[in-house]
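Take a look at the fold before going through the points below.

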Amino acid sequence: MYIDSDHFTDWLDSGRVERMPVEASRKFDEYLCTLPWLPSRIDWREIPYSVFSYADAGWSGDAAVEWARANGFMEFEKCFIMYSASEPGILCSSRDAFFELDHLTMGRVHPAYICAAGTGEEGPVLSFDKFAEWDGFAILTTPHRP
């Protein structure tokens, strides 16, 4: 499983990221499947969107965090990163989700999906409608904030 990769060891041990159950990934995937799709990712031609390019921003994590703030992600303390519907994902600070995204997806060339997460009485509450798609290389896309 991806989150068993060596680069997560220190983050998991220190509590900087938390392993989330496969059920969270499956439910997030079910939500995403209600959207229009191309063969391997969301069909953004059918959804108004905002895009961020790490390459165009000089690979600045700070610029990514500001883009996430402008798109409402920083209104949430945490974010959930889903690597696939059949694997556990991680919960981390919203800042880390965008500032450290390259590290959190190291070695992957497939899209990953991020959604905002609040805190409920029984644990994290995932806000699937507040999500972003990471293309696995340099681009983040999220539905345009009204």
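Which residues are buried in α2? They are A24, S25, F28 and L32, where buried means under 20% relative accessible area, with exposed over 50% and partly exposed in between (1.4 Å probe, protein chains only). These four cover an arc of only 100 degrees around the axis, so they sit on the same side of α2; the arc is that of the directions from the helix axis to the C-beta atoms.

This is a predicted model: local features need pLDDT of at least 70, side-chain atom pairs count only at pLDDT 80 or more, and totals for chains, interfaces and linings use all residues. Residues are numbered from 1 along each chain as its sequence is written, and side-chain values use heavy atoms, with hydrogens and water left out.

**The sheet**

- An open sheet of 7 strands runs in the order β1-β4-β3-β5-β6-β7-β2, with antiparallel pairing. Two strands pair if DSSP finds at least two bridges between them; helices (H or I, at least four residues) and strands (E, at least two) are DSSP runs, numbered from the N terminus.
- At the edges are β1 (17-20) and β2 (49-53), each of which pairs on one side only.
- From one strand to the next, the twist averages 35 degrees. Axes are lines fitted to C-alpha atoms, for helices over the stretch in contact, and angles run from 0 to 180 degrees between N-to-C directions.
- β3 and β4 form a hairpin with 6 residues between them, and their antiparallel pairing spans 4 bridges. Within it, I81 has I90 of β4 as its bridge partner.
- β3 also pairs with β5 in the antiparallel sense, over 5 bridges, with M82 opposite Y113 in β5.
- β6 (residues 123-134) and β7 (residues 139-143) are antiparallel over 2 bridges, and W134 stands opposite L140 in β7.

**Helices on the sheet**

- α2 (residues 22-32) lies across β1, β3 (78-82), β4 (89-93), β5 (112-120) and β6, at about 50 degrees to β6.
- α3 (residues 61-70) packs on the sheet and touches β2 and β7; its direction makes about 170 degrees with that of β2.
- The buried residues of α2 pack against β1, β3, β4, β5 and β6, where contact means heavy atoms within 4.5 Å.

**Nonpolar cores**

- In soluble globular proteins, nonpolar side chains tend to be buried together.
- The largest nonpolar core here has 27 residues, and those with the most contacts inside it are I81, Y83, F98, L104 and L140. A nonpolar core is a set of buried Ala, Val, Leu, Ile, Met, Phe, Trp, Tyr and Cys residues joined through side-chain atoms within 4.5 Å.
- The largest share of this core, 4 residues, comes from α3.
- Apart from this core lies another, of 17 residues, including F28, I42, I47 and A117.
- β3 is mostly covered, with 4 of its 5 residues buried.

**Cysteines**

- The structure holds 0 disulfides, a disulfide being a pair of cysteine sulfur atoms within 2.5 Å.
- C33 is in no disulfide; the nearest cysteine sulfur, that of C115, is 14 Å away.
- C92 is buried, with a relative accessible area of 0%.
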